[in-house]
Amino acid sequence: MKKVGVFVCHCGTNISQTVHCEKLAEAAKTLPGVAFSTEYKYMCSDPGQTMIKEAIAEHGLDRVVVAACSPRMHETTFRKCIDSGGLNPYMLEIANIREQCSWVHSDKDKATAKAGDLVNMAVAKVLKNEQLPSSFIPVHKRALVIGGGIAGIQAALDIADTGYHVDLVEREPSIGGKMAQIDKTFPTMDCSACILTPKMVDASQHPNITIIPYSEVEKVDGYVGNFDVTIRRKASYVDSVKCTGCGLCSEKCPSKKIPSEFECNLGTRPAIYSPFPQAIPNKPVIDRENCRYFKTGKCKICARVCTADAVNFEDQDEMVQIRYGAIVVATGYTLYDHSQYGEYGYGHYKDVISGLEFERLVNASGPTMGKIKRPSDNTEPKNVVFIKCVGSRDKARGHDYCSRACCMYTAKHATMVRDKIKDSQAIIFYMDIRTPGKNYEEFYLRGVEEYGVTYVRGRVSRIYEEGEGENRKLIVQGEDTLLGKQVFVDADMVVLATAMEPQPDAAGFARKIGISYDQNNFFSEAHPKLRPVETLSAGIYLAGACQGPKDIPDTVAQAGAAAAKVVALLSKDEMETEPIVAKVDTDRCSGCGFCIPICPYKAISFTDLTERVHGSVAWGPTGKEVKRQVANVNNGLCQGCGACTVNCRAGALDLLGFTNEQILAEVDSLW
């Protein structure tokens with residue numbers, strides 16, 4: 001005889017202020033199959049869990065219902081609890097009477113009645129539950145980090161330091177990411193390169209790290225512990241093994257006026273180039289689109305001057321497949337296309353620039369050697385206007401989220417203007433000032449009090465130009481909401497604090513590797529509070545701004561957290577898999593294949609099934625063997641989402657733990 005125990009949690013007052021928990025526990029005793037029912041203030045606490053284990057032993061319970069908060073919050077907690085009490089962990093059901101009941105209702109009697117229905121449904125389902133056995137899969141002890149910015153570098157170093165090998169894949173010729181383009185970091189004003197380049201060197205010299213530059217991930221197959229990743233090594237036309245990095249080829253290249261991506265097009269580079277002097281690996285690549293040889297069939301000067309014979313114009317893209325146990329995604333961010341704000345004149349007026357372009361102007365290794373100069377005429381600007389939230393917090397024109405770092409890097413830029421140009425004026429137009437970090441508020445106040453930075457609260461409506469030659473000025477027209485009037489500011493230069501947004505191919509990349517993304521195309525974490533670096537695809541973790549806007553300290557912290565998760569996984573020889581997976585009834589499967597494209601985790605494929613068919617005299621007494629294709633579920637890849645079960649026309653797919661019989665039992669319990 002099945003015996004169910006029902007345990008109602010007050011959740012402090014989260015539930016009890018809206019639900020009569022005592023009445024709910026008493027009512028549960030009358031439900032079919034319930035042998036024991038009680039309530040407690042904090043069921044997830046140690047005394048609460050002890051209560052459950054003691055009740056299992058005392059009343060001979062073989063299944064448990066906990067009426068508490070969301071299963072996403074504490075289902076794992078209670079599974080471990082009943083497992084230590086002697087039950088299979090999947091003989092548990094959670095009735096969510098907090099998020100689905102107490103938090104959304106104010107009438108206590110009606111909320112209690114609804115909570116009773118939820119408990120009734122959970123009891124009906126748990127009576128149909130069966131023990132689900134766990135299985136184990138081997139773990140390949142090698143990690144992949146995708147993205148070579150500060151997030152990827154930090155994650156790779158932390159994993160490698162524990163003894164596991166890491167491959168660091170970067171799509172650009174050098175690791176370093178956006179941080180390599182920055183001059184100084186707030187709030188300490190440390191040299192960005194002084195912080196980053198030692199880590200880049202550490203990564204290149206670490207015996208457990210292999211840097212794979214100028215490469216992209218093309219395909220990810222397999223599952224947690226056993227990912228088969230196809231990496232495209234793009235043709236660089238330079239043999240990195242032979243190349244000594246002397247730089248002679250770049251020096252002699254006749255095509256020298258190509259806009260430099262690293263310099264935000266404010267400087268130039270040759271067709272055979274290394275992105276910046278401190279690049280790692282410091283081996284050049286050939287820009288095929290701008291190379292004179294590839295365009296005309298004539299030149300090859302770089303090949304003639306190369307003493308190492310490293311230039312190879314016959315180089316081709318190469319596909320390599322490597323198996324990994326875990327993956328860290330650290331693909332970083334890009335900047336909002338602020339030319340969409342046509343009224344700001346970006347692209348039309350040379351002296352309207354982005355924050356990252358300003359970083360290159362003030363950088364000692366930048367195109368102006370650290371001297372702030374107007375791009376239009378190379379003169380020193382005296383009045384510099386900064387506009388915040390360009391593309392952030394503006395749903396109509398950009399994104400409704402805050403980019404988090406803009407307030408601080410604009411404060412940094414303004415202080416740098418005042419520091420480098422003593423008789424200058426720095427004016428910041430802002431919506432709100434947000435300084436959520438250690439010593440951030442003090443840094444902002446220092447800019448105002450010590451450097452004399454002026455803040456104007458209000459939006460800028462447009463920017464236009466007046467005058468000619470030396471008298472040419474940008475006029476910034478905006479609103480001062482504190483004074484309640486229009487303001488017009490003469491500016492020599494305008495710097496736009498543009499929004500951080502995902503890489504342009506983020507959504508496609510997420511689909512490629514099998515992870516989810518939000519409405520803004522940032523990659524989604526498994527749980528915003530309890531699993532902030534994990535994804536819903538087991539074994540794939542997130543680090544840095546690919547998950548959402550963040551500054552350098554938060555990025556490094558998240559990279560370390562992702563590395564810790566990877567190390568915890570790789571430390572196991574084998575890992576237990578989740579038994580709540582789809583199951584195929586091969587007798588009913590028609591082989592239509594509709595379930596295959598609907599699976600977001602690529603867990604379903606065709607397999608051949610050999611059957612012996614009887615019933616025809618022509619086939620003889622032994623029958624005939626026939627082959628047909630049926631669906632097959634890879635338990636390592638399946639995440640139990642259930643999308644395939646509702647798409648199966650033949651009804652051949654069922655989800656263990658959420659079978660059709662169990663779901664119908666819940667529905668029937670309400671009638």
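Biologist: Are Tyr 401 and Phe 522 buried or exposed?
Modeller: This is a predicted model, where local features need pLDDT of at least 70, side-chain atom pairs count only at pLDDT 80 or more, and totals for chains, interfaces and linings use all residues. Residues are numbered from 1 along each chain as its sequence is written, and side-chain values use heavy atoms, with hydrogens and water left out. The cut-offs are under 20% relative accessible area for buried, over 50% for exposed and in between for partly exposed (1.4 Å probe, protein chains only). On that scale, Tyr 401 and Phe 522 are both buried.

Biologist: How many aromatic pairs does the structure hold?
Modeller: Rings of Phe, Tyr and Trp (its six-membered ring) pair if their centres lie within 6.5 Å; planes under 30 degrees apart are stacked, over 60 edge-to-face, the rest tilted. With that rule, the count of aromatic pairs is 14.

Biologist: Why is the pair of Tyr 401 and Phe 522 classed as it is?
Modeller: Their ring centres sit 5.4 Å apart. The planes meet at 70°, so the pair is edge-to-face.

Biologist: Tyr 430 and Tyr 455 form an aromatic pair too, so which strands do they lie in?
Modeller: Strands (E, at least two residues) and helices (H or I, at least four) are DSSP runs, numbered from the N terminus. This pair is edge-to-face, 5.8 Å centre to centre with 75° between the planes, and both residues are buried. Tyr 430 is in strand S22 (residues 425–430) and Tyr 455 in strand S23 (residues 454–457).

Biologist: Which residue lies over the face of Tyr 341?
Modeller: A charge counts if NZ of Lys or CZ of Arg is within 6 Å of the ring centre and within 35 degrees of the ring normal. Here the distance to the ring centre is 4.5 Å, and the residue is Arg 397.
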